[in-house]
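User: I have just opened this entry and would like to go through it with you. Could we take it piece by piece?

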Amino acid sequence: MASMKKSFLLICRRAPYGQSLAREALDVALTAATFDQQVAMLFLGDGVLQLLKGQQPAAIAQKALDKQLAALPLYDIEMVYVEAEALQQRGLALSDLALPAQALSADAIAEQINMHDVVLGF
Amino acid sequence: MGTLHIVSKSPFASSALADCLRVCGEATILLIEDAVNAAIANNEWIEPLKRDGLMVYVLQSDCDARGLSQRIDSKFALTDYPGFVRLCCEHAPVTSWY
């Protein structure tokens, strides 16, 4: 079968646990990576809260999203971007996040959106 | 070419349009469903939508449904379903904000 490798950008805009969209983005990321697609994740607005270290959602019967996201590099998903302004607005720094991420300006985010084959919002 | 951003939520109820406008740079935006509210003449989203480098389309059927067709700012282009398809074919990538 011919190789159909595409670049995916997943844009995550929701805080974790409020709805299922954060989990769904993770499912899509891992599925695409399993099929050898190139996957990057961008956390925008409240989405940056998905990456916050130290989540303890056992009492609301959820799995800790930060720990699952921290495993992304194991699936060869190395490109994790966060909106610099969103971090700043929420009083957060890169060191508060559960995995290494690159902070991007709005202009740099526009470039990323334009350069990917498939851009999915969550 | 360039990216087509399809927005489907009202800017008065969701961050979808604000998030899109913050990071889209120069782009084409199509407002559908409740996002057509952003194109009502004289509302506060008109100014950010008229900034340089943006081309804004509004889906006619969703304006008609809401009684808004005569109230859409004249700078924006109304489009029908075939136009919607054409926009999707002419742009890459196509992404949705909801």
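User: Which residue is the bridge partner of Leu59(B) in β4(B)?
Analyst: The partner is Thr79(B). Strands here are DSSP runs of E with at least two residues, helices are runs of H or I with at least four, and both are numbered from the N terminus. This is a predicted model, in which local features need pLDDT of at least 70, side-chain atom pairs count only at pLDDT 80 or more, and totals for chains, interfaces and linings use all residues. Residues are numbered from 1 along each chain as its sequence is written, while chains are lettered from A and ligands numbered from 1 in the order in which they are written.

User: Over how many bridges do β3(B) and β4 of chain B pair?
Analyst: They pair over 3 bridges, in the parallel sense; two strands count as paired if DSSP finds at least two bridges between them. β3 (54–59) of chain B also pairs in parallel with β2 (27–31) of chain B, over 5 bridges. There, Ala27(B) has Leu54(B) as its bridge partner.

User: What is the strand order in the sheet of chain A?
Analyst: The order is β4-β3-β2-β1-β5, in an open sheet of 5 strands with parallel pairing. Its edge strands are β4 (102–104) and β5 (118–121) of chain A, each pairing on one side only.

User: Which strands does helix α1 of chain A touch?
Analyst: Helix α1 (residues 21–34) of chain A packs on the sheet and touches β1 (7–12), β2 and β5 of chain A. Its direction makes about 170° with that of β1(A). Contact means C-beta atoms, placed from the backbone, within 7 Å; axes are lines fitted to C-alpha atoms, for helices over the stretch in contact, with angles from 0 to 180 degrees between N-to-C directions.

User: Now the interface: how many residues does each chain give to the contact?
Analyst: Chain B gives 13 residues and chain A gives 14 residues. On chain B, the elements that give two or more residues to the side touching chain A are α1 (16–23) and β5 (94–97).

User: What ipTM does the predictor give the complex?
Analyst: The predictor gives an ipTM of 0.94, with a pTM of 0.95. For chain B, the mean pLDDT (the predictor's confidence in each residue, from 0 to 100) is 98, and 100% of its residues reach 70 or more.

User: Back to chain A, then. Which residues is Cys12(A) in contact with, leaving aside neighbours within four places in sequence?
Analyst: Among them are Ala22(A), Met41(A), Gln50(A) and Phe122(A).

How values were computed. Contact = placed C-beta atoms within 7 Å.
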